Amino acid sequence: MKFNKETFVAGFALFSMFFGAGNLMLPPLLGFKAGDAWFLVTLGFVISAVIIPLLGIFAHARLQGTMQDFAKKVSPTFSLVYCILVYTISIALPSPRTASVTHEMAIQPFFEVNSWITSSIYFALVLVFVLNRARILGLLGKFLSPILFIVILSIICIGIFSTEATISPSDFQTPVISGLLEGYQTFDAIGAVVVGGVIIISLKIKGEENEERNRNLMIKSGAVAGFGLLLIYAGMIYTGALFNTQFDADIARTELLSGISLRTLGNIGKMLLSILVGLACFTTAVGIITGTADFMKGLFGNSQKIYLITAIIGSILGVLMGQFDVHYIINVAVPALMFIYPITIMLIFLNVLPEKVTSPTVFKTVVMVTILFSLPDFFASIGMKEQIQPVLDILPFGNYSLAWVLPAFVTLVIMNIILFTTRKEQL
């Protein structure tokens, strides 16, 4: 597999769209709580925050279309509803969260500025980038992402090689599952189906109409982005584990990240962390709003006016929702993730598998079963755990917020056996 400059530019662009507020804050606290089980936690986190998103990019490379193509085998109506849900969640939660994190970690420690001012300036700049989307790949891939990557690696390397702390035992009873579920909060699987479409459309705007060439570019750039995410996540989780005896056990995510940067880089660490936070959050917000505007533009006959209106609405919503603190936004996101994430994961798997095992019938049945068995986890996440507990006790992995996993994959296998047998009998 040959990698050239264009591959790395696109790869870094993908990395920056994935790597946002949650990706920056979640791994250190996860490692902090994981202690000596940091490797197992990393394994779970990588499954949901690297491997599945990477498969999502590969699926986009194969489809060469928009996000609506992900669910079109279920039905056009279902695909439309699914896309609307995903884009609504994206601009209502992870996008505003980037502004909230930027204010708390990059602005507030240095300036006495109201969060309204921070969010307004922040999303005004996001809007400028979104409206110049033809240059997104170049701007993100050539300039912003490499800086982001270097700053993160600096914190990780100094933290690892300058700390002699003793790692304490883990707080997690099931570290792999804890890591996997925490990976939901990165929104990376959802990000894959959103920003994958952004990359496809950006390539076409640049005049790259050769589908085979675009497919190869996306696969290679996805591999670059995936390796970058793996390196950063593992490093940050391990760094958090190294410092798990040096801070209070109930420390907040933002405070831990600030504390680690101060311990590793000294006073200059605060400034570097501010740059890091700003870049990580900004590039993700650009990717989300661009993807949402692309979707709405496609629904209304490729109207540039609709693209502009959606970009403005997304930015205004970001300013409004960005006034809530990070912890609140993360908690609000849990029910939405418990419902939409299982569907997204199965759609990614189905779109990566060969056509012969993913007929429309298989698509419909597997997705419907996934929705049905994800409902107990959803109801538990909105405060109905006591009422739904008898059901969770019966279902495999029901007490680990993964009640949908076994039914979905068993259905995939059974449906293919039934269809294979039926076809064989008809011959």
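Q: What volume does the largest pocket have?

A: Rolling a probe the size of a water molecule over the atoms shows where empty space is left. In this predicted model, the largest pocket has a volume of about 780 Å³.

Q: Which residues of the lining lie nearest the centre of the largest pocket?

A: The lining comprises 35 residues, and Leu181, Glu182, Gln185, Arg253 and Val334 are those nearest the centre. By class, the lining divides into 17 nonpolar, 10 polar and 8 charged residues.

Q: Which helix gives the most to the lining of the largest pocket?

A: Helix H14 does, with 7 residues. At least two residues each come from H2 (21–34), H8 (175–184), H11, H14 and H15 (360–394).

Q: Is Thr344 buried or exposed?

A: An α-helix has 3.6 residues a turn, so residues three or four places apart point the same way. Thr344 belongs to helix H14, residues 326–352. Thr344 counts as buried because its relative accessibility is 0%, where buried means under 20%. The side chain of Thr344 reaches the backbone oxygen of Ile340 at 2.8 Å. Leaving aside residues up to four places away in sequence, Thr344 touches Tyr82, Ala189, Ile190 and Val193.

Note on methods
Residues are numbered from 1 along each chain as its sequence is written. This is a predicted model: local features need pLDDT of at least 70, side-chain atom pairs count only at pLDDT 80 or more; totals for chains, interfaces and linings use all residues. Side-chain values use heavy atoms; hydrogens and water are left out. Helices (H or I, at least four residues) and strands (E, at least two) are DSSP runs, numbered from the N terminus. Buried means under 20% relative accessible area, exposed over 50%, partly exposed in between (1.4 Å probe, protein chains only). A polar contact is a pair of N or O atoms within 3.5 Å; within protein, one must be able to donate a hydrogen and the other to accept it, and residues adjacent in sequence count only if both atoms are side-chain atoms. Contact means heavy atoms within 4.5 Å. On a 1 Å grid over the protein atoms alone, a cavity is a set of points where a 1.4 Å probe fits but cannot get out, and a pocket is an open set with protein on both sides within 12 Å along at least five of seven lines; lining residues have an atom within 4 Å of a point. Grid points are joined across faces, edges and corners, and a volume is the space filled by probe spheres set on the points. Ala, Val, Leu, Ile, Met, Phe, Trp, Tyr, Cys and Pro count as nonpolar, Asp, Glu, Lys and Arg as charged, and the others, Gly among them, as polar.
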